[in-house]
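Here is a short note to read beside the model.

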Amino acid sequence: MILSGTSRLAGVLGWPVAHSRSPRLHGFWLERHRIDGAYLPLPVRPERFADAVRSLRDLGFRGANVTIPHKEAAFAVCDEVDATANRAGAVNTLVFRPDGTIAGSNTDGWGFLAGLRQAVPGVDLAATPATLLGAGGSARAIAAALLDGGCPRLVLVNRTRSRAEALCAALGGPVAAAGWDEAADLLPATRLLVNTTSLGMQGTPSPDLPLDRLPAEAIVADIVYVPRITGLLAAAAARGLRTLGGLPMLLHQARPGFRAWFGIDPEVDDELARFVAGDVPETAEAA
Ligand SMILES: NC(=O)c1ccc[n+]([C@@H]2O[C@H](COP(=O)([O-])OP(=O)(O)OC[C@H]3O[C@@H](n4cnc5c(N)ncnc54)[C@H](OP(=O)(O)O)[C@@H]3O)[C@@H](O)[C@H]2O)c1
């Protein structure tokens with residue numbers, strides 16, 4: 001990579017940020033398209049976040065992705081947010097406009113759906129009642145995307161039930177809250193089960209559910225992507241169910257930002273998936 005005096009710059013703001021695969025992912029696209037630009041990991045403490053964003057803008061960055069724990073603070077720092085970010089109450093993509101204003105969007109839900117549609121071509125959301133485990137930031141974005149996509153019934157299962165109830169009230173539509181003790185009884189009516197909790201991330205046990213109660217045509221998705229095959233996905237595959245890991249969501253959510261900063265709509269293909277997956281252990285044991 002050789003940079004010029006007019007290189008385009010972007011990056012990912014997080015705390016910590018060392019775990020992020022976004023620099024690897026955007027770096028692949030920059031190389032593929034021979035773009036005069038760079039995408040950097042940007043570790044920023046929560047109390048420094050708003051100042052850091054404005055400094056990046058003043059330094060001429062085109063924008064940035066935002067990851068844990070800054071997505072809500074990113075919402076607050078924007079001059080304008082799009083409808084998806086508004087619905088999610090959180091921003092994962094910042095674009096610094098030429099007039100100095102900061103625009104925010106949330107591409108997590110869109111990325112999840114794009115990954116789902118790629119993995120299960122022709123999936124009909126309007127015929128897919130779903131159960132979502134979790135009620136945190138990513139649950140919010142994915143729940144909004146599922147409801148906007150026509151999901152006829154969505155149940156949010158969360159350890160802290162009041163958080164799921166608050167999210168249901170904020171989302172509106174055919175969505176209900178439940179506690180973990182009710183999760184097993186929800187499975188027979190579920191066509192799409194999505195884990196959006198951090199359970200199953202390396203070193204933590206996956207959600208323990210009787211997956212044999214799911215219908216044979218159900219899809220089991222886990223947005224955790226380290227490891228690539230979580231305990232939940234392995235258990236679902238062992239029962240012959242269709243599965244979707246977290247990497248496709250990561251790859252697709254990155255596209256709108258890359259397009260805005262670097263001017264090219266990049267492709268999510270097998271070569272990219274293999275390249276990013278090459279840096280992620282396949283199973284918890286392989287880590
Ligand atoms: N694939 C992707 O592109 C992508 C994108 C974003 C996030 N992620 C992954 O998604 C996961 C969640 O991220 P987030 O930003 O939504 O986090 P978050 O806002 O902190 O939410 C965490 C959720 O996990 C639940 N949880 C945590 N520990 C639990 C436990 N021991 N038992 C039961 N529930 C537990 C929390 O329940 P309570 O409300 O009860 O605390 C909450 O619902 C992370 O693993 C992250 O890496 C993946």
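In which helix does S162 lie?

1. S162 and its setting. S162 lies in helix α7, residues 161-171. Helices here are DSSP runs of H or I with at least four residues, strands are runs of E with at least two, and both are numbered from the N terminus. S162 has a relative accessible area of 48%, so it is partly exposed. On this scale buried means under 20% relative accessible area, exposed means over 50%, and partly exposed is in between (1.4 Å probe, protein chains only). V226 is 64 residues from S162 in sequence, and their C-alpha atoms are 28 Å apart in space.

2. Basis of the model. This is a predicted model, in which local features need pLDDT of at least 70 and side-chain atom pairs count only at pLDDT 80 or more, while totals for chains, interfaces and linings use all residues. Residues are numbered from 1 along each chain as its sequence is written, and side-chain values use heavy atoms, with hydrogens and water left out.

3. Overall build. The protein chain holds 12 helices and 12 strands. Its radius of gyration is 19 Å, which agrees with the value near 19 Å for a compact globule of 287 residues. The radius is taken over C-alpha atoms, and the globule rule is 2.2 Å times the number of residues to the power 0.38. Along the principal axes, the C-alpha trace spans about 60 × 40 × 35 Å.

4. Of the 287 residues, 51% count as buried. The accessible surface is about 12,900 Å², and carbon and sulfur atoms contribute 52% of that area. Areas come from the Shrake-Rupley method with a 1.4 Å probe. There are 27 positive and 29 negative charges, and their mean positions are 2 Å apart. Lys and Arg count as positive, Asp and Glu as negative; His and the chain ends are not counted. Each charge is placed at NZ of Lys, CZ of Arg, CG of Asp or CD of Glu.

5. Contacts along the chain. Take the contacts with a separation of 6 or more: residues 24 or more positions apart account for 65% of them. Contact means heavy atoms within 4.5 Å.

6. Two domains. Domain 1 is 8-106 + 254-277, and domain 2 is 109-248. These bounds come from an automatic or database domain assignment. The domain centres, taken over C-alpha atoms, are separated by 25 Å. Across the boundary, 10 residues of domain 1 are in contact with 13 residues of domain 2.

7. Helix α1. The buried residues in α1 include S22, P23, L25, H26, F28, W29 and L30. What covers the buried residues of α1? The cover includes the strands β1, β2 (37-43) and β3 (63-66), along with the helices α10 (247-253), α11 (255-262) and α12 (270-277).

8. Most residues other than glycine have a negative phi, and most peptide bonds are trans. R34 is not a glycine, yet its phi is positive, about 50°. R34 is found in the loop between α1 and β2. At 77% relative accessibility, R34 counts as exposed.

9. Neighbours within four places in sequence aside, D36 is in contact with I2, L3, S4, T6, S7 and R8. D36 and I2 are 34 residues apart along the chain, but their C-alpha atoms are separated by 7.4 Å.

10. Two cis peptide bonds. The bond from W15 to P16 is cis, with omega near 0°. P16 lies in the loop between β1 (8-14) and α1 (22-32). With 54% relative accessible area, P16 is exposed. A cis bond also joins V226 and P227, with omega about 5°. P227 lies in the loop between β11 (219-222) and α9 (231-238).

11. L247. Is L247 buried or exposed? L247 is found in helix α10, and at 10% relative accessibility it counts as buried. Beyond its neighbours within four places in sequence, L247 is in contact with Y225, R228, V276 and A277.
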